[in-house]
Amino acid sequence: MKKELNFLLLISVLLCFTGCQQTTKGKMNVYNIIPMPNQLTPREGRFQLNDKVSMITSGCTPKVKAIADSLITRLQLTSGITLQYTNKEHADLPAIRFITADDMSKEAYKLSITPNEIILTASQANGFFYGIQSIYQLLPPEIYGKTKARHADWSLPAVEIEDAPNFAYRGLMLDVCRHFSSVDYVYKFIDMLAMHKMNTFHWHLTDDQGWRIEIKKYPKLTEIGSKRKESLVGYYYTNWPQIFDGKEHGGYYTQEEIKKIVAYAANKYITVIPEIEMPGHALAAIASYPELSCTPNSTYAVTGTWGVFEQVYCPKDETFTFLEGVLDEVMKLFPSKYIHIGGDECPKTAWENSAYCQSLIKKLGLKDDTAPNAVDGRKHTKEEKLQSYFITRMEKYLNSKGRNIIGWDEILEGGLAPNATVMSWRGVEGGINAAKAGHDAIMTPGAFVYLDHYQEDPEIAPVTIGGYNTLKKTYSYNPVPDEADELLKEHIIGVQGNVWTEYMQNDERRDYQAFPRAVAIAETGWTQKHIKNWDSFRQRMVEDFERMNIMNVKACRNFFDVNINTHVFGDTLKAVLETFYPDATIRYTLDGSKPTAKSQAYTAPFAWKGKIDLKTAVFRNGKMVGSIRQKSLYANLISGKQYTTTPHCGWMNGDIFGKNDVLGADTTTLGLTNGKRGNIASYTPWVSFNLNEKCNNEMTFSVDLQQETTISKVIYGSLYNPAFRILPASNAKVQVSTDGKNYKEIGKKAFLRKYPEHGRKMFTDTLECEPSKARYVKITIKSGGTLRNGIDCRKDTPESIIPSDLYVDEIEVY
């Protein structure tokens with residue numbers, strides 16, 4: 001019963017965080033702690049910091065005293081207040097007491113704040129450190145600054161907190177291979193992890209685009225492997241041949257720099273796990289030492305483009321000797337229990353074509369599966385089993401040195417190494433399969449926690465890899481499925497966000513992509529699922545943005561803006577506006593004028609007529625909070641209506657709202673009739689069709705108007721992007737029927753296009769039709785033709801000529 005009462009009290013706190021406790025002096029106590037403590041009880045009053053406050057750490061270890069020192073130093077820097085140590089008890093003087101208790105878990109802490117004293121209790125330094133993070137977040141945001149803020153209110157709200165993390169592993173990965181990060185940025189990145197009680201920094205140090213760690217035994221890794229002559233410009237599939245910037249990109253961390261970074265992280269109770277990729281993503285190493293490949297007489301170069309490459313390590317003794325030598329030096333630098341060995345995206349072409357590899361496969365007795373594997377339910381090839389041999393051999397070596405491996409979920413293929421921990425990125429299945437087999441798993445599914453994905457409308461966002469993971473969606477992720485049994489609960493040990501940097505050329509871009517979504521991941525890792533609350537989180541995030549501003553973290557500001565979408569309610573398409581910023585009003589205009597504090601307030605989804613130029617912004621207390629967001633919306637005879645297509649759409653269905661809404665796909669949100677036209681910023685809004693001779697290289701769109709209506713015009717958009725095998729429509733025709741059986745053609749048109757020399761282009765086509773009564777409408781759109789494989793686009797298949805795909809959005813009938 002006590003737990004139930006505590007839970008109800010906590011929920012009431014969550015839902016009114018901006019003013020949940022009135023103090024005797026009339027000031028409202030707020031508790032903007034992120035991640036949310038698992039048990040928090042508000043109290044009246046405040047503890048005032050001043051030079052009379054004593055610090056008491058009697059009986060504490062040197063590590064705990066160092067944590068107390070850090071609090072004293074930070075307060076002196078930012079407030080000018082000097083706290084003094086004392087061993088004497090003065091009942092009438094305020095004090096901050098550190099108390100060691102043996103009956104608490106390593107990362108747990110208790111924090112009691114009254115008007116007279118602060119008591120921080122933990123069993124180990126980790127818990128004290130996390131308690132201090134909560135103290136910082138109860139202080140003004142200026143505590144994170146580097147200068148004195150004497151006019152800030154240096155007091156803390158009274159409270160009782162009893163807290164411990166939900167998951168043992170709470171991590172964030174930074175890729176420094178695609179684009180190198182300075183040492184200073186790595187320090188700032190670690191600061192952000194520590195501030196939000198994350199305990200693992202996964203450092204992706206080697207890949208095809210650069211080798212970033214000094215290995216003294218193999219100097220060419222940094223002499224050659226750390227540099228590439230140029231980098232890709234724009235999105236990967238925008239141009240073919242691809243366009244490059246012609247600028248050398250390089251950088252690596254010396255062993256001395258790494259030692260300092262590891263020590264810096266350790267002082268913040270963060271473990272640094274290095275990732276040394278194998279057997280794939282090895283081009284930088286192979287460019288340095290070609291003998292590591294299956295074709296050692298070839299010449300290789302560090303690549304300046306992204307993707308997956310066929311040049312992989314050859315599983316021969318020379319390679320294993322090299323990797324063992326590398327790992328020997330890595331282990332001296334990183335005392336972590338785990339070493340991450342990658343294991344992902346390893347093409348098997350080189351092994352299939354290698355006489356040595358085929359001989360080794362035969363020697364090892366590896367054969368293609370004839371029945372599905374018991375762990376993942378798939379049949380595996382003998383080459384995939386060779387990868388398992390590779391990973392298992394490296395695992396045995398690391399185990400012999402007292403270390404364990406982590407690998408991406410591809411290490412499941414062909415059999416899982418005995419002591420491996422799986423990092424599940426291609427969805428959740430890999431982690432669940434590993435856990436069911438008794439292996440630990442860390443959940444990091446791309447659809448929720450890949451921070452290189454878009455987080456706001458791609459039309460106004462910087463170019464990135466794709467996807468669409470909003471802050472709200474990332475926050476919704478639950479690493480342990482609701483239906484999980486005890487085995488899964490035991491072996492899913494944590495959650496991690498990943499910052500892949502193909503499109504993050506500088507620190508500002510890295511900040512923008514990582515934050516604030518990494519903060520949502522931190523709360524998922526720490527706070528129990530039944531305590532997490534989206535409305536509470538966004539209340540607390542307002543102050544967290546203030547902290548990030550002071551720390552010079554250039555986080556994405558979509559939190560303060562309006563997300564524009566459309567959705568079908570009943571049989572009516574309506575505009576849906578949403579902001580994550582709490583306690584504010586969304587205001588909008590429909591004529592393209594700038595919204596003001598007097599513009600129409602948004603209270604519910606609304607329908608519209610014809611074309612509107614919607615502009616909208618968030619207002620609080622009469623002032624605009626963020627930026628103005630704009631989108632043109634088109635209402636017509638088929639807006640929001642169900643439709644069919646022949647053939648069925650391909651991998652893109654244009655359903656932004658449904659695919660990315662945290663509640664899951666909604667079949668009433670329709671890609672071709674959602675009132676929003678496509679754009680050239682991303683593929684997200686488009687509906688794709690793989691056309692060929694079987695369907696006469698055309699797509700037919702069919703819709704029922706529900707009643708007879710006169711139609712006279714059809715408008716649709718199609719995309720030009722040959723690098724991605726997309727050509728716009730070559731011609732289209734419109735047919736109508738009153739009975740759904742007998743159709744007549746009322747419009748037809750062929751199109752002559754002028755294509756740009758580079759890049760993508762959207763074409764909007766209009767078919768003027770003979771005005772006709774119709775209930776049923778068919779619109780047939782023909783492919784743009786064929787492409788020269790390897791000339792117009794990347795050659796992934798042997799054919800010299802291939803059919804183009806058709807991408808369509810929106811289809812409108814008037």
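Strand β19, helix α12 and strand β20 form a β-α-β unit, and its handedness is right-handed. Keep in mind that this is a predicted model. Strand β19 covers residues 421-424, helix α12 covers residues 429-436, and β20 takes in residues 441-443.

| Pair | Direction | Bridges | Facing residues |
|---|---|---|---|
| β18 (residues 404-408) and β19 | parallel | three | W408 and M423 |
| β19 and β20 (residues 441-443) | parallel | three | V422 and A441 |

Now for the side chains of β19. In a regular strand, side chains alternate between the two faces of the sheet. In β19, T421 and M423 point one way, while V422 and S424 point the other way. Are these four residues buried or exposed? All of them are buried.

Let's move on to the nonpolar cores. The largest one has 178 residues, and F98 and W203 are the members that touch the most others in it. Helix α4, residues 183-195, supplies the largest share of this core, with nine residues. There's also a second, separate core of 29 residues, and among its members are C695, Y716, V736 and L806.

What does W203 touch, leaving aside residues up to four places away in sequence? Its contacts are L174, V176, V186, Y253, I258, I261, V272, I273, P274, E275 and F334.

Notes:
Residues numbered from 1 in each chain as written. Predicted model: local features only at pLDDT ≥ 70, side-chain atom pairs only at ≥ 80, totals over all residues. Heavy atoms only, no water. Core = buried A, V, L, I, M, F, W, Y, C linked by side-chain atoms within 4.5 Å. Buried < 20%, exposed > 50% of the residue type's maximum accessible area, 1.4 Å probe, protein only. Helix = DSSP H or I, 4+ residues; strand = E, 2+ residues; numbered from the N terminus. Contact = heavy atoms within 4.5 Å. Pairing = 2+ DSSP bridges. Right-handed = clockwise from strand over helix to strand, strands pointing away.
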